[in-house]
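Here is a short briefing for a first look. Please keep the sequence and the 3D view open while reading.

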Amino acid sequence: MDRTSALHRLKSIQTPILVDGGYSQFGRTLYVLTDEGLITADCRVYDPLLGPIEFSLQHYAEIKDISKENESLEENEDLDPDEKLFLFNDGKPGVAYWAFQPHDDAALDDFVFSSDKTEIEQAFIEQALTGKVEPWEGMDEKKLIEWAERVEAHGVAGE
């Protein structure tokens, strides 16, 4: 693949694509690919995508009891953040949920919470689209080809 075909491939992305760059010692890196270019989300302070969040019926009963010890979930220091989020959103035992945290220290009602992982990814993409875009045309040939090959190898076209 050469620069021209890589550029053509990337500029043909029809809908934004979320690519998980994985974790490092510094945090998580997420990428959003669009027909215009690459958006990099360097998540060093907090992870915006959480899940799966799932609890058994027994665990659910335990955290439900613990939640009654305080007037508000936010103030309850005996529950983990994912347990609070699960209860706040009336999660059902045995169902896997995902969540999008739009900013660090977000209040429970700021999260997007769903059993549909696609809905969570879309919420992240929408926020990322307001970020800085690195245009495909400005990338060096090696990087451009790597992204085009990555999109092609995974069958990800954004359609």
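Is Glu-137 buried, partly exposed or exposed? Glu-137 is partly exposed, with a relative accessible area of 40%. Here buried means under 20% relative accessible area, exposed means over 50%, and partly exposed lies in between (1.4 Å probe, protein chains only).

This is a predicted model, in which local features need pLDDT of at least 70, side-chain atom pairs count only at pLDDT 80 or more, and totals for chains, interfaces and linings use all residues. Residues are numbered from 1 along each chain as its sequence is written, and side-chain values use heavy atoms, with hydrogens and water left out.

- Four strands form an open sheet in the order 1-2-3-7, with antiparallel pairing. Its edge strands are strand 1 (17-24) and strand 7 (134-135), each of which pairs on one side only.
- Strands (E, at least two residues) and helices (H or I, at least four residues) are DSSP runs, numbered from the N terminus. Two strands pair if DSSP finds at least two bridges between them.
- Strands of a sheet pair through backbone hydrogen bonds, either parallel or antiparallel.
- Strand 1 and strand 2 are antiparallel and share seven bridges. A hairpin of two residues links strand 1 to strand 2. Asp-20 has Leu-30 in strand 2 as its bridge partner.
- Strand 2 and strand 3 are antiparallel too, over six bridges. Three residues make the hairpin from strand 2 to strand 3. Leu-33 has Leu-38 in strand 3 as its bridge partner.
- Strand 3 (residues 37-43) also pairs with strand 7, in the antiparallel sense, over two bridges. Leu-38 stands opposite Glu-134 in strand 7.
- Why is strand 2 (residues 27-33) largely enclosed by the rest of the structure? Seven of its seven residues are buried, so the rest of the structure largely encloses it.

**Salt bridges**

- How many salt bridges does the structure hold? There are six. A salt bridge is a side-chain nitrogen of Lys or Arg within 4 Å of a carboxyl oxygen of Asp or Glu.
- Glu-137 forms one of them with Lys-11, with the closest N and O atoms 2.8 Å apart. Glu-137 lies in the loop between strand 7 and helix 5, and Lys-11 in helix 1 (residues 3-11), so the pair ties together parts that are 126 residues apart in sequence. Lys-11 is partly exposed, at 39% relative accessible area.
- Lys-143 forms a salt bridge with Glu-134, and the closest N and O atoms are 3.2 Å apart. Lys-143 is partly exposed, at 28% relative accessibility. Glu-134 is partly exposed, at 28% relative accessibility.
- Within it, the side chains of Asp-20 and Arg-28 meet at 2.5 Å, N to O. Asp-20 is partly exposed, with a relative accessible area of 37%, whereas Arg-28 is buried at 10%.

**Charge on the surface**

- Which residues form a negative surface patch? They are Glu-62, Asp-65, Glu-69, Glu-77 and Asp-78.
- Patches are made of residues with over 30% relative accessible area and no salt bridge, with like charges joined within 9 Å and nonpolar side chains (Val, Leu, Ile, Met, Phe, Trp, Tyr) within 5 Å.
- Glu-62 lies in helix 2 (residues 57-67). Its relative accessible area is 41%, so Glu-62 is partly exposed.

**Backbone details**

- A cis peptide bond joins Gly-51 and Pro-52, with omega about 0°. Pro-52 lies in strand 4 (residues 49-53).
- Asp-90 has a positive phi near 55°, in a residue other than glycine. Asp-90 sits in the loop between helix 3 (81-88) and strand 5 (97-100). Asp-90 is exposed, with a relative accessible area of 54%.
- Asp-105 has a positive phi near 55°, again in a residue other than glycine. Its place is the loop between strand 5 and strand 6 (112-114). Asp-105 is exposed, with a relative accessible area of 67%.

**A buried helix residue**

- Val-151 lies in helix 5 (residues 141-153). Val-151 counts as buried, at 3% relative accessibility.
- The C-alpha atoms of Val-151 and Ala-41 are separated by 18 Å, and the two residues are 110 residues apart along the chain.

Notes
Accessible areas come from the Shrake-Rupley method with a 1.4 Å probe; for residues, only the protein chains shown count as cover. Lys and Arg count as positive and Asp and Glu as negative; His and the chain ends are not counted. The place of a charge is taken as NZ of Lys, CZ of Arg, CG of Asp or CD of Glu.
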